[in-house]
Structure formats: structure tokens, C-alpha cells
Amino acid sequence: MTNIVSGIVWDACCLLTLMATDRAEYILTAIQKAGTRSFVVKEVKEGEVLYLRPDDPEADSTEKHDVSLDELVTKGLLIETTLTDTEQAAFVYWAAEIDDGEAYSLALAQERGYSVATDDQATLNQMKQQTPPIPALTTPDWLKEWLEMTQADETVVREIIGRVERRARYAPR
């Protein structure tokens with residue numbers, strides 16, 4: 001996979017788009033088979049990845065469906081981790097620059113040499129400014145990689161993009 005070392009730290013925004021696909025298990029399995037482990041910081045898992053909208057475009061726009069990553073963690077597809085003391089110090093630095101959820105993910109990735117899956121523009125800008133830059137994956141990046149790995153047909157692609165737009169309220173730029 002492009003821009004990925006041995007691990008991806010998933011930020012809340014990309015976890016939500018991943019879960020919105022309804023294919024998170026398949027996507028993480030393909031990534032794992034390609035030799036890359038997926039991580040989530042405990043604080044992000046517990047406090048940032050909260051809900052998705054319904055898939056039905058006719059549903060009440062205020063309706064929300066809780067998101068649980070527990071099954072992915074139990075199956076070993078998503079590794080829940082806590083920060084070490086060194087990573088915690090990096091978190092404190094990053095939290096002054098970006099939101100806490102992104103700061104947790106960035107601190108873990110920076111200290112362990114992993115990529116960060118995020119769509120947050122402020123975080124992406126900070127990652128580019130590092131020497132060397134911290135590798136990044138946005139939703140279009142990881143989705144494209146997965147679609148190429150699995151050689152999904154056009155119908156599947158449209159279906160997944162539609163779900164992400166409706167359920168996560170995300171439209172790629």
C-alpha cells in the first residue's frame with residue numbers, strides 16, 4: 001500500500017468513513033493481508049468514534065446509529081493501544097496545535113513510524129511540515145488502495161461511496 005509503513009493509526013474521521021462503508025472487516029482484513037497492522041488509540045476509540053447517520057436517505061436527519069469498534073478489536077483487525085510516556089509527551093505537543101483526537105493519533109504514528117489515516121486538514125498540514133513528513137492516508141487514499149487490492153467492480157464502488165456520503169456525511173474533495 002502506498003504511504004504506509006508497517007502500521008496505520010486510524011483517526012476518528014477515517015474510522016467513521018471506514019465504518020460507514022459497511023465493509024470495515026473486509027477492508028481491514030485486506031490491509032492486514034498486505035502486511036500492515038491497523039491501530040486506534042484508546043481515547044479516540046472511546047471518545048471520538050460515536051455515531052453514523054442512517055443509510056436511508058429518507059430517514060430522519062437527526063437519527064444517529066452508535067458505532068462500536070469492539071468486534072474489529074476482538075478479531076485482531078484493529079489494535080487498541082494506549083500511549084507510552086514518550087508518546088504522551090508528543091501528544092501534549094500536538095494537542096497545542098490540533099484537536100485532541102488527531103493529536104493522539106499523530107503522536108502514536110510519529111513515535112512508532114506509522115502512517116495516519118485522517119481527513120482533518122489541519123492535521124494533514126502539520127504532518128507535511130515534519131522532517132521527514134509523516135505519511136498520511138485520507139479516505140480517498142485508503143478506499144482507492146482497497147478497491148485496487150480487491151478489484152471491486154464499479155457497482156461496489158458507487159455503493160460504498162454513497163454509504164460514506166450518507167452515513168458519515170463525507171464527500172471527498
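1. Which residues of strand E1 point one way, and which the other way? In this predicted model, Gly7 and Val9 of strand E1 (residues 7-10) face one way, while Ile8 and Trp10 face the other way. Each of these residues is buried. The arrangement may be read against a general rule: in a regular strand the side chains alternate between the two faces of the sheet.

2. Strand E1 belongs to an open sheet of five strands, whose order is E5-E2-E1-E6-E7. The pairing in this sheet is parallel. Strand E5 (79-81) and strand E7 (136-137) stand at the edges with a single partner strand each, so one side of each has no neighbour in the sheet.

3. On one side, E1 is joined by three bridges to strand E2 (residues 37-41), and the two run parallel. Within this pair, Val9 has Phe39 of E2 as its bridge partner. Three bridges also join E1 to E6, again in the parallel sense. Here the bridge partner of Trp10 is Ala117 in E6.

4. Strand E2 is mostly covered, since four of its five residues are buried, a class that requires under 20% relative accessible area. Besides its pairing with E1, E2 pairs with E5 over three bridges, in the parallel sense. In that pairing Val41 stands opposite Thr81 of E5.

5. Val116 has Ala136 in E7 as its bridge partner. The loop that lies between helix H7 (121-128) and E7 contains Pro132. The peptide bond leading from Thr131 to Pro132 is cis, with omega near -5°. The reader may wish to locate this bond in the structure above.

6. Gln151 has a positive phi of about 55° and is placed in the loop between helix H8 (139-150) and helix H9 (154-167). Is Gln151 buried or exposed? Gln151 has a relative accessible area of 69% and therefore counts as exposed, the cut-off being over 50%. Arg169 likewise has a positive phi, near 55°, and is found in the segment after H9.

7. Where do Asp56, Glu58, Asp60 and Glu63 gather? These residues form a patch of negative charge on the surface. One of them, Glu63, lies in the loop between strand E3 (51-52) and strand E4 (65-66). With a relative accessible area of 33%, Glu63 is partly exposed.

8. Ile31 is placed in helix H2 (residues 24-33). Its relative accessibility is 0%, so Ile31 counts as buried. Ile31 and Leu124 are 93 residues apart along the chain, and their C-alpha atoms are separated by 21 Å.

Methods
Residues are numbered from 1 along each chain as its sequence is written. This is a predicted model: local features need pLDDT of at least 70, side-chain atom pairs count only at pLDDT 80 or more; totals for chains, interfaces and linings use all residues. Side-chain values use heavy atoms; hydrogens and water are left out. Patches are made of residues with over 30% relative accessible area and no salt bridge: like charges are joined within 9 Å, nonpolar side chains (Val, Leu, Ile, Met, Phe, Trp, Tyr) within 5 Å. Accessible areas come from the Shrake-Rupley method with a 1.4 Å probe; for residues, only the protein chains shown count as cover. A salt bridge is a side-chain nitrogen of Lys or Arg within 4 Å of a carboxyl oxygen of Asp or Glu. Lys and Arg count as positive and Asp and Glu as negative; His and the chain ends are not counted. The place of a charge is taken as NZ of Lys, CZ of Arg, CG of Asp or CD of Glu. Buried means under 20% relative accessible area, exposed over 50%, partly exposed in between (1.4 Å probe, protein chains only). Two strands pair if DSSP finds at least two bridges between them.
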